[in-house]
Amino acid sequence: MNKLNLDEILALHQLGLPTLQIIKTDIDAFNRIYDEHPEMDEWLEKINDKLDRQERIGIVSLSCQDRDFPARLLAIGDDCPAAIHCKGNLDLLKSEKAVAIIGARSADKEGNAKAYQLGADYARDGYVIVSGLALGCDAAAHRGCLAARGGTIAIVGNGLDICHPRENKPLEEAILAGGGLMLSEQMIGVKANPTRLVARNRLQAALSEAVILAQCPAQSGSLHTMRFARKYGKQSLAATYPRRTEVNAGNYALLDTNQAKPI
């Protein structure tokens, strides 16, 4: 099959085609779709402009038809993004050993310390540490990994020309300087919102062999990632604490119902 160019892949995605269909679309099929949708001319022009600007700031994009596209993303079927945009060390995507370490932005000192230690310990064991660059446990996990001189992937819900949250710009720079990778399915100019952050969570689960919950309350976005982990057949783990509190209630909700194993 003659694979499509990246702009054509993204145009099909904008049209609403599911990723599994896009993967199987060759140039002849694309041309038939193109003829039926005159609006695609304008889309392709705008997409190519963004891709040019992304390239100038060091962003590398991979489509679902590319040979180097991560197999773990392809394995999640129509949940797979049509393309990913990356800045930093692409070799981390090839690692067979990767775990996601996640948790609440509002984690307490104990929870952040747990995320940091998990990040450091797994990094020393040769794992790539996947997280979401959020405040709290995510940032702590990235920092723990960097302290152990490991490789970390930060998956975000915005374009890679934006840092969200802005407070973590120094951390983003440290990740890139330390041989890490920034990854997003969003093109430049796109800001994070609740829907995109939840969508980002599925990529954390997909790229990892296990998802570890450091700490979260009973209501937390981290639980979306744990649901994706179960959906994709990943190992689900949750940290335990000397006492149960509101800030770790999400951990025990999973442990008490056997939706996660203790770590």
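Predicted model: local features only at pLDDT ≥ 70, side-chain atom pairs only at ≥ 80, totals over all residues.
I traced an open sheet of nine strands with mixed pairing, in the order β1-β2-β6-β5-β4-β3-β7-β8-β9. Next I looked for its edges: they are β1 (60-63) and β9 (261-262), each of which pairs on one side only.

I then picked one pair to follow. Strands β7 (residues 210-213) and β8 (residues 235-238) run parallel to each other, joined over four bridges. Within that pair I found V211 opposite S236 of β8.

**Helices on the sheet**

Which strands does helix α9 lie across? I noted β3 (98-102), β4 (128-131), β5 (152-155), β6 (181-184) and β7 for α9, which spans residues 194-206. Against β5, the direction of α9 makes an angle of about 155°.

Helix α11 (residues 249-256) also packs on the sheet, and I see it touching β7, β8 and β9. Its angle to β7 is about 130°.

**Helix α7 and its partner α8**

I turned to α7 (residues 137-147) and α8 (residues 169-177), whose axes come within 11 Å and cross at roughly 35°. I logged the crossing as left-handed. Which residues meet there? From α7 I listed A139, H142, R143 and L146, and from α8 L171, A174 and I175. Sorted by class, this contact has five nonpolar residues, one polar and one charged.

How many residues of α7 are buried? I get eight of its eleven, so I call this helix mostly covered. The buried ones are C137, D138, A139, A140, A141, H142, G144 and C145. Their cover includes β3, α6 (109-124), β4 and β5, along with α8.

L133, in the loop between β4 and α7, has a positive phi near 65° although it is not a glycine. Buried or exposed, L133? I count L133 as buried because its relative accessibility is 0%, against a cut-off of under 20%.

R149 sits in the loop between α7 and β5. Its phi is also positive, near 60°, and R149 is again a residue other than glycine. I put R149 down as exposed because its relative accessible area is 81%, where the cut-off is over 50%.

I also found a cis peptide bond between H164 and P165, with omega at about -5°. P165 belongs to the loop between β5 and α8.

**The cores**

The largest nonpolar core has 57 residues. Those touching the most other members are L12, L73, I84, L93, I153, L183 and L213. Apart from this core I found another, of 19 residues, with A107, A115, A148 and A214 among them.

I took L93 for a closer look. Beyond its neighbours within four places in sequence, L93 is in contact with L62, P70, I84, C86, I153, L181, L183 and L207.

**A last stop at I76**

Where is I76? I located it in the loop between α5 (71-74) and β2 (83-88). Since its relative accessibility is 11%, I76 counts as buried.

How values were computed. Residues numbered from 1 in each chain as written. Heavy atoms only, no water. Core = buried A, V, L, I, M, F, W, Y, C linked by side-chain atoms within 4.5 Å. Buried < 20%, exposed > 50% of the residue type's maximum accessible area, 1.4 Å probe, protein only. Contact = heavy atoms within 4.5 Å. Pairing = 2+ DSSP bridges. Helix = DSSP H or I, 4+ residues; strand = E, 2+ residues; numbered from the N terminus. Axes fitted to C-alpha atoms, helices over the stretch in contact; angles between N-to-C directions. Left-handed = near helix turned anticlockwise from the far one by under 90°. Nonpolar A, V, L, I, M, F, W, Y, C, P; charged D, E, K, R; others polar.
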